[in-house]
Amino acid sequence: MTQTDPLAAAIEAARTEPPRRFVITGGPSAGKDDVIAELLKHNIPCMEAEPGRAIYRRHRERLGRHLRTEDRREYAAEVLDAFISEFEAHKHGFRFYNRGIPDSYGWERFFGLAPTPQLEEANRVYRYDVVFVLDPLDTFEDPDDIVWAKEREIRRVHELIVQGYFDAGYEPVFVPAESAEHRLDFILNNVRIPKPQR
């Protein structure tokens, strides 16, 4: 007799249920990419790429330099549109998001900018079910992260992102700095989804 995989069964059962949306976020050194990779490895519905990185690279190629504060408004508007499109495209079952709309509050503050009316409206309309904040690790994940935050500023960026979610009306769940496998198990346990069989 074939034994059913509880995680696969839960994913399949959720396909006809109303949407549930879970954000995974944190500062540049949080280990987010590794947790996202674990989700994808186990075929858990997940937003693979963080929209901000691809959009950032396009702007950098066009400008021939890293983004400055004066470039941020156009960039932020494109990122917001990408997050809204991703949110609206999800119709059924649970899905994990590689950052969420309120991340923009933290990044905008880091660059000394106030939230736009468009961001405020998007936060009001598009709400996530649970937000998971990864506690920082010790290393950068991506060379582009150095652009966003020099090493001495990692903690500040992380705190601004967290504050952005509190300001947006969320009570984030903080995920301890452990291995990606342990973090995934912690996250799934919090949303009552079976852990993967390893």
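1. In this predicted model, helix H2 passes helix H9 in a right-handed crossing. H2 comprises residues 32-41 and H9 residues 180-190; their axes come within 9 Å and cross at roughly 70°. Angles of 65 to 115 degrees count as roughly perpendicular, and H2 and H9 are therefore roughly perpendicular to each other.

2. On the H2 side, the contact is made by Asp-34, Val-35, Glu-38 and Leu-39, and on the H9 side by Ala-180, Glu-181, Arg-183, Leu-184 and Ile-187. Classified by residue type, this contact of H2 with H9 has 5 nonpolar and 4 charged residues, with no polar ones.

3. A further helix pair deserves attention, namely H5 (residues 103-110) and H8 (residues 154-167), which pack with their axes 7 Å apart at an angle of about 130°. H5 and H8 are therefore oblique to each other. The crossing of H5 and H8 is right-handed.

4. The residues of H5 that meet H8 are Asp-103, Tyr-105, Gly-106, Trp-107, Arg-109 and Phe-110. Their counterparts in H8 are Arg-156, Val-157, Leu-160, Ile-161, Gln-163, Gly-164, Tyr-165 and Asp-167. By class, the contact of H5 with H8 has 7 nonpolar residues, 3 polar residues and 4 charged residues.

5. Is Glu-108 buried or exposed? This residue lies in helix H5. Buried means under 20% relative accessible area, and Glu-108, at 3% relative accessibility, therefore counts as buried. Leaving aside residues up to four places away in sequence, Glu-108 touches Arg-72, Arg-73, Ala-76 and Leu-113.

6. As to secondary structure, the protein has 9 helices and 4 strands. Along the sequence, these elements follow the pattern α-β-α-α-α-β-α-α-β-α-α-β-α.

7. Of the contacts in the protein with a separation of 6 or more, 76% are accounted for by residues 24 or more positions apart.

8. The protein has 198 residues, of which 48% count as buried.

Terms used:
Residues numbered from 1 in each chain as written. Predicted model: local features only at pLDDT ≥ 70, side-chain atom pairs only at ≥ 80, totals over all residues. Heavy atoms only, no water. Axes fitted to C-alpha atoms, helices over the stretch in contact; angles between N-to-C directions. Helix = DSSP H or I, 4+ residues; strand = E, 2+ residues; numbered from the N terminus. Parallel < 35°, antiparallel > 145°, perpendicular 65-115°, else oblique. Left-handed = near helix turned anticlockwise from the far one by under 90°. Contact = heavy atoms within 4.5 Å. Nonpolar A, V, L, I, M, F, W, Y, C, P; charged D, E, K, R; others polar. Buried < 20%, exposed > 50% of the residue type's maximum accessible area, 1.4 Å probe, protein only.
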